[in-house]
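This report describes one protein chain, part by part. Please keep the sequence and the 3D view at hand while reading.

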Amino acid sequence: MMQHLLSLLWSLFFGMSVPAWACPVSCHCVERKGLTVVQCTSRNLDKIPSELPKDTVVLLLSSNQITHIPNHAFRELHYLQELDLSNNAIETVDAGAFQGVVDSLLMLDLSNNHIQAVPKDAFAQLRAKISLSNNPWHCECTLQEVLRELRLDPDTVNDVMCHSAVQDQYAGKAVIQVLDSGINFCNFHHKTTDVAMFVTMFGWFTMVIAYVIYYVRHNQDDARRHLEYLMSLPSSTHTSQTSKDLDTISTVL
């Protein structure tokens with residue numbers, strides 16, 4: 001009863017009406033000019049609510065304890081335009097996390113989380129303005145390819161920092177500044193792969209050479225022993241056979 005009264009007072013204060021559908025228990029849902037706003041800020045949530053109104057336009061999930069954005073987390077929210085997930089504890093974002101809202105979403109805030117890396121397709125086809133600032137990003141090839149396709153929030157783009165990197169000298173620097181200077185993290189990845197392949201090929205080559213040397217030396221020793229045996233035979237009895245064997249052994253030696 002008290003919660004219903006508070007919701008009513010909230011709607012009256014902001015000129016909104018209480019929606020007719022059920023709202024997640026941990027959130028507050030209001031409607032204004034036909035736009036549904038779901039307010040779940042600072043509710044100590046550890047995951048994204050599963051039962052959200054399908055006509056949600058604004059979803060505020062900031063300042064919670066959410067750690068993971070799973071595949072299809074918002075797939076039923078085809079009208080979603082604004083999504084705020086800032087100030088959580090998000091570490092992982094699945095590749096299909098935003099499938100279903102790529103055409104509608106206009107603003108996505110993932111700032112102030114614990115994200116180090118994302119799958120290459122995590123933000124595929126998103127047209128939203130995205131804030132990724134104040135996360136412990138690991139700067140490498142995949143992140144470079146992800147950022148190339150994004151529309152980053154210009155007000156926070158310089159706060160997207162390399163917490164670590166494939167080359168230590170870039171740690172602590174703004175990602176965009178590093179990339180604008182001409183650095184290509186994908187080149188470092190290819191060089192590392194090339195070195196590994198060279199080391200592997202060199203190892204196999206060394207093994208082959210060692211085997212060939214062993215094989216030749218082993219056959220030379222056998223040939224010498226056979227020659228010594230033939231030389232010890234009476235020449236009158238085995239002249240023809242000895243001649244043939246000598247020709248064969250000389251070829252081996």
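S131 is a residue of strand β8. The model shown here is a predicted one. S131 has a relative accessible area of 6%, so it counts as buried. Leaving out residues up to four places away in sequence, S131 touches L108, D109, L110, S111, D153 and T156.

L132 is found in the loop between β8 and β9. Is L132 buried or exposed? Its relative accessibility is 1%, and therefore L132 is buried. Apart from neighbours within four places in sequence, L132 is in contact with L110, S111, F123, W137, L147, L150, L152 and V160. One of these contacts, L152, is 20 residues from L132 in sequence, and the two C-alpha atoms are 7.7 Å apart in space.

**The chain as a whole**

The protein has 253 residues, of which 36% are buried. Its secondary structure consists of 5 helices and 11 strands. Among contacts with a separation of 6 or more, 41% are between residues 24 or more positions apart.

**The largest nonpolar core**

The largest nonpolar core holds 48 residues, and F74, F98 and F123 touch the most other members. Two or more residues of this core come from each of β9 (137–139), α2 (141–148), β11 (162–165) and α3 (175–180). Helix α2 gives the largest share, 3 residues.

What does F98 touch, not counting residues up to four places away in sequence? The residues are I69, F74, L83, V93, L108, L110, A122, F123 and L126.

Helix α2 can also be described on its own. Its buried residues are C141, L143, Q144, V146 and L147. The N-terminal end of α2 is capped by E140, which has a side-chain oxygen 2.9 Å from the backbone nitrogen of T142.

**A buried asparagine in a loop**

N113 lies in the loop between β7 (107–109) and β8 (129–131). N113 counts as buried because its relative accessibility is 4%. Which backbone atoms does the side chain of N113 reach? One is the backbone oxygen of L110, at 3.0 Å. Another is the backbone nitrogen of N88, which lies 3.1 Å from a polar atom of the N113 side chain. With residues up to four places away in sequence left out, N113 touches L85, S86, N87, N88, A89, I90, N134, N135 and P136.

P24 is in the loop between α1 (2–13) and β1 (28–32). P24 has a relative accessible area of 11%; buried means under 20%, so P24 belongs to the buried residues. P24 touches C29, P49, E51, L52 and P53, again without residues up to four places away in sequence. P24 and V38 are 14 residues apart in sequence, with 8.8 Å between their C-alpha atoms.

The loop between β2 (35–39) and β3 (56–60) contains S42. N44 is found in the loop between β2 and β3 as well. S42 is a residue other than glycine with a positive phi, near 55°. N44 is not a glycine either, and its phi is positive, about 60°. N44 has 61% relative accessibility, which means that it counts as exposed.

| Residue | Relative accessibility | Class |
|---|---|---|
| P24 | 11% | buried |
| N44 | 61% | exposed |
| N113 | 4% | buried |
| S131 | 6% | buried |
| L132 | 1% | buried |

**The second largest pocket**

Rolling a probe the size of a water molecule over the atoms shows where empty space is left. The second largest pocket contains about 320 Å³ of space. Its lining is made of 17 residues, and those closest to the centre of the pocket are P49, S50, E51, H72 and A73. How many residues of the lining are nonpolar, polar and charged? The lining has 7 nonpolar, 4 polar and 6 charged residues.

Definitions and conventions
Residues are numbered from 1 along each chain as its sequence is written. This is a predicted model: local features need pLDDT of at least 70, side-chain atom pairs count only at pLDDT 80 or more; totals for chains, interfaces and linings use all residues. Side-chain values use heavy atoms; hydrogens and water are left out. On a 1 Å grid over the protein atoms alone, a cavity is a set of points where a 1.4 Å probe fits but cannot get out, and a pocket is an open set with protein on both sides within 12 Å along at least five of seven lines; lining residues have an atom within 4 Å of a point. Grid points are joined across faces, edges and corners, and a volume is the space filled by probe spheres set on the points. Ala, Val, Leu, Ile, Met, Phe, Trp, Tyr, Cys and Pro count as nonpolar, Asp, Glu, Lys and Arg as charged, and the others, Gly among them, as polar. A nonpolar core is a set of buried Ala, Val, Leu, Ile, Met, Phe, Trp, Tyr and Cys residues joined through side-chain atoms within 4.5 Å. Buried means under 20% relative accessible area, exposed over 50%, partly exposed in between (1.4 Å probe, protein chains only). Helices (H or I, at least four residues) and strands (E, at least two) are DSSP runs, numbered from the N terminus. Contact means heavy atoms within 4.5 Å. A polar contact is a pair of N or O atoms within 3.5 Å; within protein, one must be able to donate a hydrogen and the other to accept it, and residues adjacent in sequence count only if both atoms are side-chain atoms.
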